[in-house]
Amino acid sequence: MPLLGGVRPPIAALLCALLAVAAFPTLGLGTVHEQDVPQAVRDGERRIAEDAAASVRTSIDVRAAALRRAAASTRPADGGTPAAVLRSLVPSGPPALGAALLDPDTGKAVAAGGEAVPLTGAAAVALAKSGTANIAPRLASSGGAEPRLLLFARVTVPTAGGKQDENHDQARDQTGDQGAGERELLLVVSEKATAPVVYGEVRTGQLVDRNGKVLARAAAVGTTPAPDTDDRTGPAAAADAAGAGRHTGESSGSMLGDGHDGLRRVAGWASVSAVDGKDDSSGLGLTILTSQDVAPAKDGADHTGFALVAAGVLVVIALLVTAVLWRTVQLPLLRLHLSAARLARGVCGMSGAAEELARPVPAALFGEPRRVGRALESIRRQLLGETGPEPVRPVRRRPGLRSVAVVCALVIAVWAVPLLFLLNRVPADRAVPATTVADQQARTEAAADRVRQSLGQSCTDLAAVASAISGVPPERATEVLRRERAGHPTFQSLYVLDRTGAVVLRVGKQPLRTLVHAPTGQGITQVTTSGKIPTIAAYAQIPAAGNAKGAADTAPAVVVAEIGVNGLNDLVARPGLGKVWLTDERHRVLAASTGFRAFQSLPSRGLTSLVNRTDTAPGGRGRPESAVLDAGAGPGEGLSVAAAAPLAQTGPAAGLGWQVVSAEPAAALKLAAYEVQARTMLAGLLALSVGIACLGWLHIVVVRPLRALTGCAERLAGGDRRTVLYPVHHDECGSVTRNLELLRQALVERDRGAGADVAPALVPKSQRGSAP
């Protein structure tokens, strides 16, 4: 019967696997080379461009949505002129440079203010007749002037009770869905393209249109903008890359410029449009380009020599382990298989049976094969009548095949463990480039600015809501609140308090906790300092509306918006920034990019110490800080690049003393040193895994069954004729077990005397003699 499995497959698999792992260091480590600009620096610049693009996109979307909400909530009084309506909707001054109310049928301006809006005539009519409720912003220019960002909204204004011009009368006749005495106009606001806000001491940012023209230019916060004589190829290349990315799905990337003065320019680009293309800025074709000059990295070490030595040592270990296993396990087991089969043929009366039994059973060197061989030899002699059963003597604990497997595993571990824990470790003092640490700080500042802008915009919108609901009936105020909450996903509850602190109007969810006293002015406040969910609220005082003096105590006092923590979590989370936390003045977590417990402390003392260095006492100026910390992101995570930045130095959140803290594991950065470390550890892990797996396989299918077989053979040699031996596997151990069962049956027949004629036949002719 052919053997299936057995001792050969585990040993062969171990040899092949170790040789494959030996090839990994040569192919993996030998191909890692230090770049003059590490990939981590290029990725950092790309992420900074993404942050700037997200800021510009959010700014455009917020201003467009705010203009639409203002136009929808405005109800001009009867007899109000278009000019008065325009002044009420668009205050003079930045960011609006010009505004106009256009007749949707003729495209002519019925009211205008500021600079001329570069959109009239047929283009305005086409937009007005597009049928979309919300007209997306667009870029337009006139006469070679600087392009302007145009925002649109539809406005319904009352018509004068007196004389109307012919065009308006025709419009009223053609639009029968409008109420009597009302008409719809198109509001167009012209703004200058917003320069991107970037952070970093030597970084510049540019806003580029789809043709590669720079619309706005800005330097990093606190530095001077770069001159207009900068290289023009970068914006064009960024615009081309963004245009190609719209078809391939890539919305950002990085580029390397030529070296100069010992520096190398690295640039990042990102499309302002959202990935899904459903935002207001999707049709503008804008791209953000950020760049900085960095010092090229020095030539790194060549790891080819280490890879060759490591691979050679593992090849030697693989051959040595295979030779030991072949000599101590495979060869003795195959000899036992052949010897047991030979004895079984001898007792079955086959041709040459006497000669088969006459040959002694060879003994192995040690271990279980030696013991089984000695038992077979004893059984052979019993079959020949030379001796009787030999009592089973207790075996002293001696090394066996299990010890051989353990020693082989230890030899493999001698190679694998240093690769896992010792070799190619990255020194802490030069693990991360200074540019990467600075980029982490810049991105943390950008995250803090993003939260600050969101909170500031919430206060601004609440102030507009407070003005809109001043002196209006509760039904109208509720409608305004409902519309405002629909436009702010971060508002989970919007309510109005009277001067006693009682809630008089509410839309949305039940507030987690309301303010005890109605505050004055407008701002951001932290309502709770403990509990399961942090409660943060924006508020704005409702201006007086000519109420009677006696009713002043019961008039609404303040409108409050409870800001959901999930909205803050989304604000601080950014790809590639690691774990990010928003903390209060006592460094307790209010929001985070990952799961957290409300008001918990930062996960390490290093982060807490870093935040303390920012000097962000309420009302203080504060300064951002960054460093490479040990276990900065949590226990057991090694080095991390961490940064902390005050949330705001001015504005509604300035007096809160909040900070934004981030920590990115250094091992996650694409640095050559960490790539070598990761591949070294992977090689050690693979070698250790395949060694344990294959030796464990050998122990299960060979060593353990052989140990059980040893006991059965020794008991049979010691006179146990009643225990029936059942083979379990079709391998060498199973073959020996089957043959032992045949030998047991032959011994039983001999002991019973049923084979009286068989015994002389079992004696060789040379040993036969005459009866006495």
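## A pair of strands to start with

In which sense do strand E16 and E17 pair, and over how many bridges? Strand E16 (residues 579-583) pairs with E17 in the antiparallel sense, over three bridges; two strands count as paired if DSSP finds at least two bridges between them. Strands (E, at least two residues) and helices (H or I, at least four) are DSSP runs, numbered from the N terminus. Within this pair, Trp581 stands opposite Ala592 in E17.

This is a predicted model, where local features need pLDDT of at least 70 and side-chain atom pairs pLDDT 80 or more, while totals for chains, interfaces and linings use all residues. Residues are numbered from 1 along each chain as its sequence is written, and side-chain values use heavy atoms, leaving out hydrogens and water.

## The sheet around them

The two strands belong to an open, antiparallel sheet of five, ordered E17-E16-E20-E19-E18. Strand E17 (589-592) and strand E18 (625-630) each have a single partner strand, so one side of each lacks a neighbour in the sheet. On average, neighbouring strands are turned by 25 degrees against each other, direction ignored.

Helix H11 (residues 434-468) lies across E18, strand E19 (639-646) and strand E20 (659-665).

## The protein as a whole

The protein has 17 helices and 20 strands. Of its 772 residues, 47% are buried, where buried means under 20% relative accessible area, exposed over 50%, and partly exposed in between (1.4 Å probe, protein chains only).

## Cysteines

The structure holds zero disulfides, a disulfide being a pair of cysteine sulfur atoms within 2.5 Å. Cys733 counts as buried because its relative accessibility is 5%; Cys348, at 48%, counts as partly exposed.

Definitions and conventions
Axes fitted to C-alpha atoms, helices over the stretch in contact; angles between N-to-C directions. Contact = heavy atoms within 4.5 Å.
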